[in-house]
Amino acid sequence: MLSKDRAQGCLIGLAVGDVLGCPVEAMSPHEIKTGFGRIEDLVEAPVQAMRDTYYWRLPGLHSDDTQQALSITDILVENHEIKEDVLLEVWKEMAQTVITAPSTKTGRIKKCKETFGCHRGTGSNFRRRVKNTAAFAPPANGNGAAMRVAPVGVWFCRERKARIENAVRSALATSSHPHAAASAAAVAAAVALGIDNDSMNTRVFLEAVANEALLAETFLAEKCADQLHAGYEGRANEFSDALFQLAEWHYLPLQDALTKIADYAKSCLGLDKIFATKSFALTAVPTALLISARHKHDFTEGVIEAVNLGGDTDTIGALVGAILGAKNGLETVPVRYQQHLLAREQVLLRGQALATGRKGPGWICLPELERELTLQEARARSKLRGELMEKGFL
Ligand SMILES: [Mg+2]
């Protein structure tokens with residue numbers, strides 16, 4: 001049977017990376033350095049974050065990365081497989097929750113504009129998709145599918161074919177782009193390989209992950225072509241190519257390797273200003289794999305490096321946290337990080353369920369859990385906004 005320690009390490013590690021990265025999401029490494037020095041523990045989001053309150057997080061509260069990973073976990077425990085329509089139904093139910101908080105100006109209770117039901121921090125493609133599940137999924141090439149897929153790697157850690165197919169299904173729910181499905185398969189592979197191979201050489205590990213992304217791309221083309229966007233063929237193997245290249249240059253100094261990731265993404269996406277920490281599947285996922293490989297035996301160093309690189313800090317933090325948590329186990333995730341997590345107990349219960357296949361006592365269903373947490377955050381946001389307005393900061 002799968003070890004509870006690894007399964008819980010994966011989900012708690014994912015939540016820790018998400019929570020440490022949230023306050024500095026979209027900041028540059030220079031801004032992080034100027035504002036915080038080197039982040040080694042939970043920091044408070046800068047006041048500027050309140051100007052775009054959708055992305056402000058209550059300290060210790062996880063964002064969409066963990067929410068969606070928990071929803072995948074619940075579906076696996078209940079149904080033993082991922083189906084796009086079941087996943088979309090869960091997210092739809094969460095989107096329809098009404099969240100209210102006192103207005104900063106009048107004190108009257110109003111519906112929150114800063115949440116999408118009880119989803120927190122989701123991207124616009126995700127919101128559009130959940131609002132209209134009957135439409136064809138958009139050709140989204142971001143890291144959304146990869147950020148939520150880690151539980152598939154745990155659940156199917158010894159069944160490669162099922163792992164690839166379920167990772168692909170979980171991606172197709174929101175995206176018709178091959179980068180989404182291939183990146184999800186890569187992350188599921190990295191989680192599974194970490195669980196089962198303590199001493200795998202880094203290059204062999206990265207090649208195995210790249211190979212699984214390639215198998216996912218083949219499965220997509222053979223079995224799911226009708227769910228891919230028109231003209232996808234030219235992009236069919238771009239993602240696995242990125243990972244095969246990464247296996248070649250992973251040993252380079254960090255900045256050189258990040259530049260190579262960004263250059264490859266630029267050439268594929270035809271965009272000029274791309275950093276390795278941008279939220280594309282083609283950037284964030286190779287970067288997270290690189291950092292995980294560089295710190296394969298050290299959860300703390302891996303997550304700290306991820307968060308201090310700036311950019312999509314919560315997702316890259318969550319990816320590195322999930323991969324290293326699965327590889328090294330719950331005991332290697334420092335308690336000083338775990339204790340920040342507002343949903344720690346429920347995340348631990350879900351890790352246990354991934355190992356045992358059963359929900360334990362005390363399990364709270366996800367929409368109810370997330371509704372409570374989002375309400376708590378909405379009230380805290382409103383209070384803080386009021387205080388900042390009084391002091392003239394807003
Ligand atoms: Mg997020």
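Contact here is C-beta atoms, placed from the backbone, within 7 Å; helices (H or I, at least four residues) are DSSP runs, numbered from the N terminus. Please keep in mind that this is a predicted model, in which local features need pLDDT of at least 70, side-chain atom pairs count only at pLDDT 80 or more, and totals for chains, interfaces and linings use all residues. Residues are numbered from 1 along each chain as its sequence is written.

Within H5 (residues 124-131), the buried residues are Phe126, Arg129 and Val130 (buried: 20 or more other C-beta atoms within 10 Å of a residue's own; exposed: 12 or fewer; partly exposed: in between). Because they cover an arc of only 95° around the axis, taken from the directions from the helix axis to the C-beta atoms, they lie on the same side of H5. On the other side, Ser124 and Lys131 are exposed.

| Feature of H10 | Value |
|---|---|
| Residues | 202-223, 22 residues |

Among the buried residues of H10 are Phe205, Val209, Glu212 and Leu220. These buried residues pack against helix H8 (160-172), H9, helix H11 (238-249) and helix H13 (281-294).

Val209 is also one of the residues touching the most other members of the largest nonpolar core, which has 124 residues. Such a core is a set of buried Ala, Val, Leu, Ile, Met, Phe, Trp, Tyr and Cys residues joined through C-beta atoms within 7 Å. Helix H9 (residues 178-196) gives the most to this core, with 14 residues.

Technical notes
Helices (H or I, at least four residues) and strands (E, at least two) are DSSP runs, numbered from the N terminus. The expected span of a helix is 1.5 Å times one less than its number of residues. Two residues are in contact if their C-beta atoms, placed from the backbone, lie within 7 Å.
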